Amino acid sequence: MTDELHHGEAGERSEGAHIQLPAPTFWPMVFAFGLTLLFAGLVTHWAVGVVGFVITFRAALGWWHNVIPHEEHEEVPIEPELRPAPILVETRSVVRLRAGEQGHRQRVPEEVHPYSAGLWGGLIGGAVMAALACLYGLFAQHSIWYPVNLLAGVVIPGMGSATLEQLRAFNGLAFIAALVGHICISGLMGIVYAVMLPMFPKYAPFWAGILMPLFWSGLVATTLNVIDPAMNGRINWLWFVICQLAFGLVGGYFIARSTSIKTMQSWTLAERAFVEAPGVRPVREDEEK
Amino acid sequence: MAHGHLVAEDALTMERQWKLPDRGTVGIVFLIVTESVLFSMFVIAYLIYLNKSLVGPYPKDVLELPILASICLLSSSGAIVFAEHALKHNRLGSFKLWWAVTILLGAYFLWATAVEWRKLIFEDHLTIATNLFGTTFYSLVGLHASHVIVGLIFLTIVFVLTLLGFPIQTQLRRVLFLSWYWHFVDAVWVIVFTVVYIIGLPR
Amino acid sequence: MAAIDYPLQRPKAEPGEFSFSETLYKWVATVDHKRLGLMYVASALIFLIVAGIMATVMRVQLMFPNGHVVGPDTFNRLFTMHGTSMVFLVGMPMVAGFANYLVPLMIGARDMAFPRLNSFGFWIFLLGGLLLYYSYLGGGGLSGDGSAPDVGWFAYAPLTERGFSRGHSSDYWALGVLVSGFGSIASAINVIATTFCMRCPGMTLKRMPMFVWVMLIDSWLIVVALPPLSAAQVMLLLDRYLGANFFNTQNGGSAVLWQHYFWIFGHPEVYILIFPAFAILSEVIPIFSRKPLFGRPAMVAAVVAIGFISLGVWAHHMFAVGMTSWSNTFFAASSMLVGIPTGIKIFNWTATMYGGRLRFTTALLFCCGFLFQFLLAGLTGIMLAVAPFDWQLHDSYFVVAHFHFTLVGGLVFGLFAGMYYWFPKAIGKMLDETLGKWHFWLFCIGFNLTFIPLHFAGMLGMPRRIYTYAPGRGWELWNFVATIGVFFQIAGILFFIYNVLRSTLRGQPATDDPWDGWTLEWATSSPPPEYNFEKLPVVRSSRPLWDLKHPQDPDWKWE
Ligand SMILES: [Cu+2]
């Protein structure tokens with residue numbers, strides 16, 4: 001029985017110039033028509049249903065005749081002019097990137113800046129920022145201690161009710177609190193910069209220097225009345241943002257200057273596990289030469 | 001310029017080893033899948049509406065266990081296996097015998113259903129419109145009975161063709177599919193019987 | 001056996017020597033999967049235009065408050081026939097059409113597994129659709145005022161019972177959809193059997209094109225999800241004709257049973273409808289990004305997961321009927337669960353484009369439109385899966401906007417992408433890219449102009465299916481803008497129709513492989529000969545044409 005071939009009816013059975021395909025037949029169409037009429041009889045007139053039944057019955061006979069004892073086939077001539085165009089080999093050669101090769105980015109970033117660079121960049125940025133803030137204090141309130149006292153308000157609750165005079169005056173406790181706080185935050189932010197910089201697109205220090213301070217300012221602006229009411233009432237947002245940007249640009253610049261180190265993520269698992277055995281590590285292009 | 005061919009050099013060996021399921025098998029299996037879903041919808045409706053009828057008659061008043069009919073239908077599944085076996089080994093006489101037995105057992109089942117329905121309709125005055133029991137009972141059992149009827153029609157066609165001398169052994173594959181359908185109808189009866197006559201009839 | 005078989009030998013024919021009746025016979029009696037596929041798509045497009053005109057009339061009616069274009073009865077019939085046609089006579093045949101045309105070509109077969117059943121499936125779908133439309137003449141039965149069904153596309157019983165729906169209009173709905181459903185089942189079983197049994201040597205399931213995988217799962221969903229609808233329709237017909245009590249609340253029947261049965265079908269149905277778009281995107285995006293599909297195994301796993309999870313989420317359409325809070329919780333959770341595999345797919349398509357060498361052809365533009373719009377549809381879908389949110393916006397224009405974003409913004413955009421992509425293969429002519437871009441931009445702008453405002457109208461409380469509304473509720477602007485958008489969409493569709501006609505008649509002839517494709521359909525001529533392949537191909541990877549084009553770096557080395 002040829003139709004038991006696993007390819008089904010229209011399988012590989014070309015004999016020379018012809019290919020066997022199932023023969024056209026209108027009986028399935030007539031069968032569908034009869035069946036529809038049969039159902040349409042329910043909503044129109046019983047006679048329609050009877051006609052439908054007769055047609056369905058006749059079509060079923062026709063359909064059976066088509067497949068029993070054997071499915072009818074037709075020999076379709078192979079038309080040479082319908083042959084597809086040959087599939088051309090692409091002349092451009094393709095090189096497949098492998099794990100560990102140059103330029104094979106599995107995850108961004110490939111290289112990161114050392115944390116120490118982040119720490120130093122943060123501290124330098126923090127110093128610039130502090131200088132700018134003091135400059136602002138000098139211009140606006142004729143005292144470089146004004147911003148220092150305001151910053152100390154984060155940890156010293158009494159600052160909230162301090163008068164302008166008190167804010168202008170030097171306060172040893174407030175100075176130490178502000179200094180420690182500023183150094184910690186600057187250092188931490190610098191480390192965050194070092195981690196994030198490689199993930200920015202081109203001109204990373206520039207984008208990071210602009211975007212990060214803006215985000216940070218937004219965060220501070222929304223939470224400041226909770227953490228430092230003294231500062232919240234007296235802050236000059238323009239200067240605040242300028243100081244932040246100075247931190248971002250200066251810190252970013254210093255971090256970006258550092259020599260970056262490769263992550264191991266493009267290594268294979270065996271390499272990262274420091275397994276030393278022949279064949280474990282893929283041979284890289286440059287080593288082959 | 002070079003160009004490739006879709007038929008590789010090792011194509012012939014690959015083709016010779018290339019085995020795929022038979023399309024008729026897959027077709028009939030998925031027909032059975034879709035039919036099973038259809039049946040399960042009516043079974044669920046029966047179970048949801050169990051004991052929800054507002055007026056009688058209720059199942060416990062009117063239903064009797066169709067033990068004999070069920071035995072007949074289920075044993076027809078066995079008979080068709082014998083028939084198939086005989087056909088596979090080209091024993092036409094034995095095939096005709098078992099095939100006839102299958103048809104008779106199926107026909108008896110249908111007859112028993114008809115008798116049951118006549119009793120329910122004319123003696124117990126339970127119609128499809130009477131209550132929820134009538135609605136779900138007649139539709140579920142009726143759906144099954146309609147499948148028995150379709151099966152019987154096909155079985156009869158095969159039988160008549162065989163009697164007319166048609167070389168039925170050439171149609172072994174189709175006979176096989178018909179028997180699967182028949183097994184399916186029987187299996188559905190097991191579920192219908194359980195739902196209607198066991199779960200639906202509190203003792 | 002062979003002795004009985006006398007195949008007809010068809011003489012070689014010169015093109016152009018066929019008379020009209022011969023051509024007609026060729027199409028009516030055909031069992032060729034390509035012809036049937038084209039007929040499916042063509043009839044679906046015709047129904048799309050008809051149902052689109054209905055939508056236009058409704059939008060014009062709602063453009064201003066107190067509209068007078070059509071009356072309430074006509075309006076009810078319009079939205080019923082619009083919805084029913086779009087789902088059953090446009091979406092379903094599109095599934096069948098694309099699967100029919102492409103699956104055998106992609107798996108290297110010469111036809112479907114059951115060619116005659118295939119022809120039966122097409123004709124019964126078409127005749128079922130015509131039976132449904134015949135209701136405009138015969139819907140009222142012998143009582144005279146014949147017209148179409150007016151019960152909405154989900155035709156909630158008991159409102160479709162004899163007591164509430166006189167005449168035959170609801171019978172036409174049930175019968176027309178039931179009959180065309182036979183066609184869907186037939187073609188689904190056929191696709192399954194074809195993918196399992198007709199693959200060319202070497203085409204293992206692992207190497208099968210993503211399109212075929214999605215269509216396989218789609219057919220699985222049709223096979224298991226359509227019978228509940230058929231069962232419910234049979235029950236409804238028993239109620240209406242024989243006085244059964246399935247949905248007859250007077251006699252203890254349930255008012256919710258229909259909803260359950262309908263949505264057991266209805267939710268998988270939306271995945272059945274969107275799957276062709278998934279299938280098309282999975283082929284088009286890689287080709288125009290010049291990258292293999294990202295995360296292929298995950299894509300297959302996601303589509304299989306949807307094929308099962310989507311069977312268990314149906315009652316999120318019923319939060320407002322008052323189920324138990326456990327059911328609400330379950331169905332809300334499962335509905336959100338189905339968002340996970342869908343999210344995987346969106347991510348993987350995006351990742352396929354990421355870093356690729358993009359060629360923004362019209363097909364890829366439509367894919368991009370899909371990605372944005374379907375994402376938005378998915379997000380509003382997650383919102384609606386939250387039961388309390390759904391209580392607020394159930395049956396409002398927010399829901400209308402949500403599912404039009406899935407079905408128009410998703411499915412229709414995907415289908416257009418597929419048409420621009422495979423038109424050269426099917427017809428042998430390229431679709432014009434300039435006209436195509438006009439089509440895309442007009443349609444995309446028009447679509448968003450129509451359906452984004454409807455979200456707001458819905459949130460302002462505009463219920464769906466109202467035929468008019470009083471001024472002063474804040475709905476005027478949104479409705480006005482929505483209707484303006486419709487005209488942009490119509491303009492886009494006109495560009496499409498003109499493009500198809502012009503390109504068919506005197507378009508630029510297509511080469512066999514115009515897009516530098518990777519799957520088998522591009523290995524045959526455009527349009528393919530009746531037998532598809534002179535010699536059945538043998539494949540060794542999921543991108544057989546890539547292998548041939550790059551013999552120094554074939555895929556099979558890496559799979
Ligand atoms: Cu849903």
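How many helices and strands does the secondary structure of chain A come to?

## Chain A and the ground rules

Chain A comes to 11 helices and five strands; here helices (H or I, at least four residues) and strands (E, at least two) are DSSP runs, numbered from the N terminus. Of the 289 residues in chain A, 39% are buried, where buried means under 20% relative accessible area, exposed over 50% and partly exposed in between (1.4 Å probe, protein chains only). Taking contacts in chain A between residues at least 6 apart in sequence, 67% join residues at least 24 apart; contact means heavy atoms within 4.5 Å.

A word on conventions: this is a predicted model, in which local features need pLDDT of at least 70 and side-chain atom pairs count only at pLDDT 80 or more, while totals for chains, interfaces and linings use all residues. Residues are numbered from 1 along each chain as its sequence is written, chains are lettered from A and ligands numbered from 1 in the order in which they are written, and side-chain values use heavy atoms, with hydrogens and water left out.

The size of an interface is often given as the accessible area lost when the parts come together. For chain C and chain A, the buried area is about 5,400 Å², with carbon and sulfur atoms giving 64% of it; buried area is the accessible area (1.4 Å probe) that two parts lose on being put together, summed over both. The contact involves 62 residues of chain C and 59 residues of chain A.

Two salt bridges are counted between chain C and chain A, a salt bridge being a side-chain nitrogen of Lys or Arg within 4 Å of a carboxyl oxygen of Asp or Glu. A:Arg83 forms a salt bridge with C:Glu534, and their closest N and O atoms are 2.6 Å apart. On the side of chain C that touches chain A, the elements giving two or more residues are β1 (8-9), α1 (20-28), α4 (115-138), α5 and α16 (544-549) of chain C. The largest share, 11 residues, comes from α4(C).

## Where chain B meets chain C

Here 38 residues of chain B are in contact with 51 residues of chain C. About 3,500 Å² is buried between chain B and chain C, 77% of it on carbon and sulfur atoms.

On the side of chain B that touches chain C, α1 (11-17), α2 (23-48) and α6 (132-163) of chain B are the elements that give two or more residues. The largest share comes from α2(B), with 15 residues.

## The copper site in chain C

Now for the metal: C:His267 (ND1), C:His316 (NE2) and C:His317 (NE2) coordinate the copper ion at 1.8 to 2.0 Å. Donors are N, O and S atoms within 2.8 Å of the metal (3.2 Å for Na, K and Ca), and water is not among the atoms, so sites may look incomplete. The donor residues of the copper ion are spaced H-x48-H-H in sequence. C:His316 counts as buried because its relative accessibility is 14%, whereas C:His317, at 21%, counts as partly exposed.

## A buried loop residue

Finally, have a look at C:Met198, found in the loop between α5 (169-197) and α6 (210-242) of chain C. C:Met198 has a relative accessible area of 4%, so this residue is buried. In sequence C:Met198 and C:Ala113 are 85 residues apart, yet in space they are 6.7 Å apart, C-alpha to C-alpha.
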